[in-house]
Amino acid sequence: MLTREGKTQLYDVVGPVCETGDFLGKDRELVIEAGDLLAVRSSGAYGFAMSSNYNSRGRPPEVMVDGDKMYLVRCRETFADLVRGESLLPQG
């Protein structure tokens, strides 16, 4: 596991489109900076199984981690994926 030396700060960890009570973690002591990635091992409804396209957000990729190996098991959804089944009404 990678760790960074430095001063910890308290953070609330939330999803990209957060509703009033949607927290992945509250008051977490982290040493992070802009551009860092954060692995969330258990994310409830923010994982793929219970996710949706609320607010036209594509679902996240799923990555399986086994020791020091990572495997992409489901690709991130694109905008084209979101509108694939849609069609326009005929003009008339």
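Trainee: How many of the contacts with a separation of 6 or more are between residues 24 or more positions apart?
Mentor: Such residues account for 29% of those contacts, a contact being heavy atoms within 4.5 Å. Please note that this is a predicted model, where local features need pLDDT of at least 70, side-chain atom pairs count only at pLDDT 80 or more, and totals for chains, interfaces and linings use all residues. Residues are numbered from 1 along each chain as its sequence is written, and side-chain values use heavy atoms, without hydrogens and water.

Trainee: In which order do the elements run?
Mentor: From the N terminus on, the order is β-β-β-β-α. Helices (H or I, at least four residues) and strands (E, at least two) are DSSP runs, numbered from the N terminus.

Trainee: What share of the residues is buried?
Mentor: Of the 92 residues, 10% are buried. Buried means under 20% relative accessible area, exposed over 50%, and partly exposed in between, with a 1.4 Å probe and protein chains only.

Trainee: Then is L72 buried or exposed?
Mentor: L72 is exposed, since its relative accessible area is 55%. This residue lies in strand β4.
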